[in-house]
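Have the sequence and the 3D view ready.

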Amino acid sequence: MENLVIDISFWHGRRVFLTGHTGFKGSWLSLWLHKMGAEVFGYSLAPEANPSLFAQLGLADKVHHQVDDICNADAIAKYVKDTGADFVFHLAAQSLVLRSYRETINTWGTNVLGTAHLLEALRQVSYPCTVIVVTTDKVYQNNEFSHAFRETDRLGGIDPYSASKAGTELVVNSYRSLFEQEQLPISLASARSGNVIGGGDWCENRLLPDIIRALMQNKSIETRNPNSVRPWQHVLEPLSGYMMLAEQ
């Protein structure tokens, strides 16, 4: 992209539909869009973390706040129809790797079928909009190559989280083809970001929140995979990328 600066005026007055708006990234994106003058329509489960960034930012009074499950096809269809949004950011997901082993069916249902429910709802109303589906850099089959993952690398994944997110990419690709075949006025893209850090992240089994919790409780700090190497980025970096992608 030639222009790597978010156009604040671009978002003023826009109607933005955001799934997963009560989560870590969703809360920050809701606040950012609100501050730029967008009208934000959120659809998500109730905040899980305690404390909750969503509550700390007072977002229930700043955005349209709908609590429901992305797997509820009828509810998501009605909300999509009522919203008539110019832009859709799909962040709702089961995003924890370790939880995906415990709640495997829920992970597949949320990440794959939940995405399909949203895109099918948009297909049925077919109003002009731009849709950004957020996945992860873990959608790739890990062949232990020396280079960092590339967008052209093969999709894969062993753990249920990674595999389900690769499945999400296939759903997106399929619906992109449907939208084109049916000549619907919907632009659809996916965005793959890595591990994020930043204020307000209270999720379980995350490195920095676990360190802070250990310090607050005067416990030893433990790292589960000390030999692993991970890329990190501040939460506002991928969010700015999502918005710049949507602007394009």
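## Ground rules

This is a predicted model, where local features need pLDDT of at least 70, side-chain atom pairs count only at pLDDT 80 or more, and totals for chains, interfaces and linings use all residues. Residues are numbered from 1 along each chain as its sequence is written, and side-chain values use heavy atoms, with hydrogens and water left out.

Helices (H or I, at least four residues) and strands (E, at least two) are DSSP runs numbered from the N terminus.

## Helix 6 beside helix 7

Start with helix 6 (residues 104-125) and helix 7 (160-181). They pack at an angle of about 15°, and their axes are 9 Å apart. Axes here are lines fitted to C-alpha atoms, for helices over the stretch in contact, and angles run from 0 to 180 degrees between N-to-C directions. Helix 6 and helix 7 therefore count as roughly parallel to each other; the label covers angles under 35 degrees, while over 145 is roughly antiparallel, 65 to 115 roughly perpendicular and the rest oblique.

Nonpolar means Ala, Val, Leu, Ile, Met, Phe, Trp, Tyr, Cys and Pro, charged means Asp, Glu, Lys and Arg, and the others, Gly among them, are polar.

## Helix 4 on helix 6

Helix 6 also packs with helix 4 (residues 73-83), at about 45° and with the axes 9 Å apart. That angle is why helix 4 is oblique to helix 6.

This crossing of helix 4 and helix 6 is right-handed. A73, I76, A77, V80 and K81 of helix 4 meet H117, L118, A121, L122 and V125 of helix 6. The contact of helix 4 with helix 6 has eight nonpolar residues, one polar and one charged.

## Helix 2 and helix 9

How are helix 2 and helix 9 oriented to each other? They are oblique, therefore neither parallel nor perpendicular labels apply. Helix 2 (residues 24-35) and helix 9 pack at about 55°, with their axes 10 Å apart. The crossing of helix 2 and helix 9 is right-handed, and W28 and W32 of helix 2 and Y242 and M243 of helix 9 are among the residues in contact.

## The second largest pocket

About 470 Å³ of space lies in the second largest pocket. On a 1 Å grid over the protein atoms alone, a pocket is an open set of points where a 1.4 Å probe fits, with protein on both sides within 12 Å along at least five of seven lines; lining residues have an atom within 4 Å of a point. Points are joined across faces, edges and corners, and the volume is the space filled by probe spheres set on them.

Of its 23 lining residues, Y140, E151, A191, R192 and S193 lie nearest the centre of the second largest pocket. Helix 9 (236-247) is one of the elements that supply at least two lining residues, and its five residues are the largest share.

Technical notes: A crossing is left-handed if the near helix is turned anticlockwise from the far one by less than a right angle, and right-handed if clockwise. Contact means heavy atoms within 4.5 Å.
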